[in-house]
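Please look over the chain shown here.

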Amino acid sequence: KCLNFRGYQQQDAHEFMRYLLDRLHTELLTLLPYPNSDSPFIGPKGKSTIVTAIFGGLLQNEVTCLVCGVESKKHDPFLDLSLDIPQQFCTRGVKAKDGEQLRCTLSDCLQSFTELEELEESELYMCSTCKKKQRSTKKFWIRRLPNVLCLHIKRFRWQSFFRVKLETFVEFPLEGLNMHKYILDNLHETRGSGSGSNEYDLAAVVVHHGSGCVFLNILMNVL
């Protein structure tokens with residue numbers, strides 16, 4: 001039982017979905033034996049269930065020291081990806097050079113998620129070569145795509161000391177979302193190697209209606 005979802009307090013649909021998936025995964029690990037070598041489950045023994053087989057993907061986090069150039073890589077499993085709305089779409093009434101209203105798409109959010117960024121002063125990287133904290137850059141790649149890709153659109157942004165709701169409309173395709181440019185190439189376990197499709201069709205949308213804007217979880221099913 002989850003105490004966080006008791007009572008009448010407003011809760012986020014994304015938080016509930018993550019709790020449900022995490023709890024299912026944890027319970028299955030304790031109830032079911034590890035599958036045989038022919039199983040489609042993803043991951044090492046003792047860490048895989050049908051939940052990770054369906055929703056499980058793998059991120060590669062690359063941090064590069066700007067002083068000595070040493071690169072650090074870390075692999076992080078995920079069940080969903082939380083995407084920020086790019087800054088240029090967060091202000092109401094912003095228009096392009098031709099006078100048209102700027103339109104935010106799901107591809108814009110994915111591009112922002114995977115683009116190279118320099119870490120802020122408060123997030124300086126502890127370089128193993130320089131032996132001290134240094135300025136650095138960070139970049140995410142998708143190392144392995146899941147069978148069902150769950151994307152969460154973040155609808156809050158901090159401005160000064162206040163958390164502001166974003167009501168930016170985000171367009172997303174009903175079919176044919178191509179993830180090729182967001183994944184690493186030439187890896188055996190990556191769909192980009194030819195072992196599977198990089199395109200997804202829309203399977204479901206989880207909508208949380210609150211006071212003000214609407215929150216979305218987009219579930220894309222692999223073709």
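Strands here are DSSP runs of E with at least two residues, numbered from the N terminus. The model is a predicted one.

## Cys-150

Cys-150 sits in strand S9, residues 148-153. Its relative accessibility is 1%, so Cys-150 counts as buried. Leu-79 is 71 residues away along the chain, yet the C-alpha atoms of Cys-150 and Leu-79 are 7.1 Å apart.

## The four-stranded sheet

Four strands form an open sheet in the order S2-S1-S8-S5. The pairing is antiparallel. Strands S2 (71-78) and S5 (117-118) are the edges; each has a single partner strand, so one side of each lacks a neighbour in the sheet.

Strands S1 and S2 run antiparallel and are joined by eight bridges. Asn-61 has Lys-74 in S2 as its bridge partner.

## Gln-60 in strand S1

Strand S1 spans residues 57-65 and includes Gln-60. How accessible is Gln-60, buried or exposed? Its relative accessibility is 3%, and the cut-off for buried is under 20%, so Gln-60 is buried.

The Gln-60 side chain makes a polar contact with the side chain of Glu-62, at 2.8 Å. Beyond its neighbours within four places in sequence, Gln-60 is in contact with several residues, among them Lys-73, Lys-74, His-75, Phe-140, Trp-141 and Leu-184.

## One side of helix H3

Helix H3 covers residues 106-114. Its buried residues are Leu-106, Cys-109, Leu-110, Phe-113 and Thr-114. They span an arc of only 125° around the axis, so they lie on the same side of H3. An α-helix has 3.6 residues a turn, so residues three or four places apart point the same way.

## Salt bridges

The salt bridges number nine. Side chains of opposite charge can pair when their charged atoms come close.

Glu-171 and Arg-103 form one of them, with the closest N and O atoms 2.4 Å apart. This pair links distant parts of the chain, 68 residues apart: Glu-171 is in strand S12, and Arg-103 is in the loop between strands S3 and S4. Glu-171 is partly exposed at 26%. Arg-103 is exposed at 58%.

Glu-118 and Arg-135 also meet through their side chains, at 2.7 Å from N to O. Glu-118 lies in strand S5 and Arg-135 in the loop between S7 and S8, so the pair ties together parts 17 residues apart in sequence. Both count as partly exposed, Glu-118 at 41% and Arg-135 at 42%.

Asp-76 pairs with Lys-74, with the closest N and O atoms 4.0 Å apart. Asp-76 is partly exposed at 23%. Arg-18, Asp-22 and Asp-80 are linked in a salt-bridge network.

Key. Residues numbered from 1 in each chain as written. Predicted model: local features only at pLDDT ≥ 70, side-chain atom pairs only at ≥ 80, totals over all residues. Heavy atoms only, no water. Buried < 20%, exposed > 50% of the residue type's maximum accessible area, 1.4 Å probe, protein only. Polar contact = N/O pair within 3.5 Å; in protein donor to acceptor, adjacent residues only side chain to side chain. Contact = heavy atoms within 4.5 Å. Pairing = 2+ DSSP bridges. Arc of directions from axis to C-beta.
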